[in-house]
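Have the structure open as you read.

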Amino acid sequence: MSTRAGIAAPTGPRRDLTTLTLIVAIALFWGGNWPAVRFSLMEIPPFTLRAIGFSVGAGILLGWAWLRRWPLTVAPEERRWLAVTGLFTILGFNLGTAFGQLHMPTSQAAIVAFTMPCWALLMAMGLLGESVNSRQWLGLGLGQSGLLVLLGPSALQAGFEGLTGAAFVLGAALSWALGTVLIKRRGGWQGHPAVITGWQFALCAVPMVLLAALFESPSGPAAWQPSTWLGLGYHLIFAICLAQMLWFRNVNRLTLGQSTISTLLIPVVGVTTSVVLLDEPLTWRLAVALGLILAAVAIVMTQRERTTTS
């Protein structure tokens, strides 16, 4: 049985329950992060927001690892992989979605971002040599259909401003997909997820701090509204620290198809919370898309894999 960070991987029903719990937690944390970031962006510009998030994330995760006495050093053969995957999954994705939300409704941004599974599966065919079975294609098709239902005709009616936002978020989705495939390609990471993720945040914080200092002049924290503080707090604790670390862990527990398609739960949470918290329109498309996305996840996650050794 393979181990990671000295902990034996659970098997059977226990593994299934742990996997399901991780998926639900990630969906809630990252889904609720969409309106949280939107509230934050009302007073904090994007480079500054990401500089704060990455710096705090690095400090908390590496500090926690130090308190738990987990090794903070990264194996030499993993350093390049850590840097490259961090730049794609953290820097590229978070920067693209931040700028995207400045140019389009948050609910639509969440939808475009989670076309990621489609790109990841296609990239995996070339970079990992993975074969996508008929069940995965069916789940992927249902999930993407759900996203299209949520988006509706607005994509066809978007003007230049709407396309600008979609381009930013689509770039974010492609970046996240490539980073996820590369995490899977490396496989067998020796470092604890908290340590790996903490150093990725530290690396990504450097360009954000520089760009924020050069191009942005945000108002002081004393002037921020309570909604800004609440949004930033949620973003830092649940999205930056918890969800990112759990995502790294889940990618290494599941097949690429399962881990990417499981993210289709996140836009359901993101769109729903945007409707409730940001007063964005509630339409019949939400109910239809919810059923399609949940069906996609169920089809892929209830498939039993063939017995393998690791």
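Does Thr-89 count as buried or exposed, and why? The model is predicted. Thr-89 has 2% relative accessibility, and buried means under 20%, so Thr-89 counts as buried.

**Thr-89 and its surroundings**
- Thr-89 sits in helix 3, which covers residues 76-101.
- A polar atom of the Thr-89 side chain lies 2.7 Å from the backbone oxygen of Thr-85.
- Leaving aside residues up to four places away in sequence, Thr-89 touches Asn-94, Ser-175, Trp-176, Gly-179, Thr-180, Ile-183 and Gln-244.

**Helix 2 against helix 3**
- The axes of helix 2 (residues 46-67) and helix 3 come within 10 Å and cross at roughly 140 degrees.
- The two helices, helix 2 and helix 3, are therefore oblique to each other.
- Their crossing, helix 2 with helix 3, is right-handed.
- Helix 2 contributes Pro-46, Phe-47, Arg-50 and Phe-54 to the contact.
- Helix 3 contributes Ile-90, Leu-91, Asn-94, Leu-95, Thr-97, Ala-98 and Phe-99.
- This contact of helix 2 with helix 3 has eight nonpolar, two polar and one charged residues.

**Helix 4 against helix 12**
- Helix 4 (residues 106-113) and helix 12 (residues 265-278) have axes that come within 8 Å and cross at roughly 175 degrees.
- That angle makes helix 4 roughly antiparallel to helix 12.
- On the helix 4 side, the contact is made by Thr-106, Ser-107, Ala-110 and Ile-111.
- On the helix 12 side, Pro-267, Val-271, Ser-274 and Leu-278 take part.
- By class, the contact of helix 4 with helix 12 has five nonpolar, three polar and no charged residues.

Key: Residues are numbered from 1 along each chain as its sequence is written. This is a predicted model: local features need pLDDT of at least 70, side-chain atom pairs count only at pLDDT 80 or more; totals for chains, interfaces and linings use all residues. Side-chain values use heavy atoms; hydrogens and water are left out. Helices (H or I, at least four residues) and strands (E, at least two) are DSSP runs, numbered from the N terminus. Buried means under 20% relative accessible area, exposed over 50%, partly exposed in between (1.4 Å probe, protein chains only). A polar contact is a pair of N or O atoms within 3.5 Å; within protein, one must be able to donate a hydrogen and the other to accept it, and residues adjacent in sequence count only if both atoms are side-chain atoms. Contact means heavy atoms within 4.5 Å. Axes are lines fitted to C-alpha atoms, for helices over the stretch in contact, and angles run from 0 to 180 degrees between N-to-C directions. Angles under 35 degrees count as roughly parallel, over 145 as roughly antiparallel, 65 to 115 as roughly perpendicular and the rest as oblique. A crossing is left-handed if the near helix is turned anticlockwise from the far one by less than a right angle, and right-handed if clockwise. Ala, Val, Leu, Ile, Met, Phe, Trp, Tyr, Cys and Pro count as nonpolar, Asp, Glu, Lys and Arg as charged, and the others, Gly among them, as polar.
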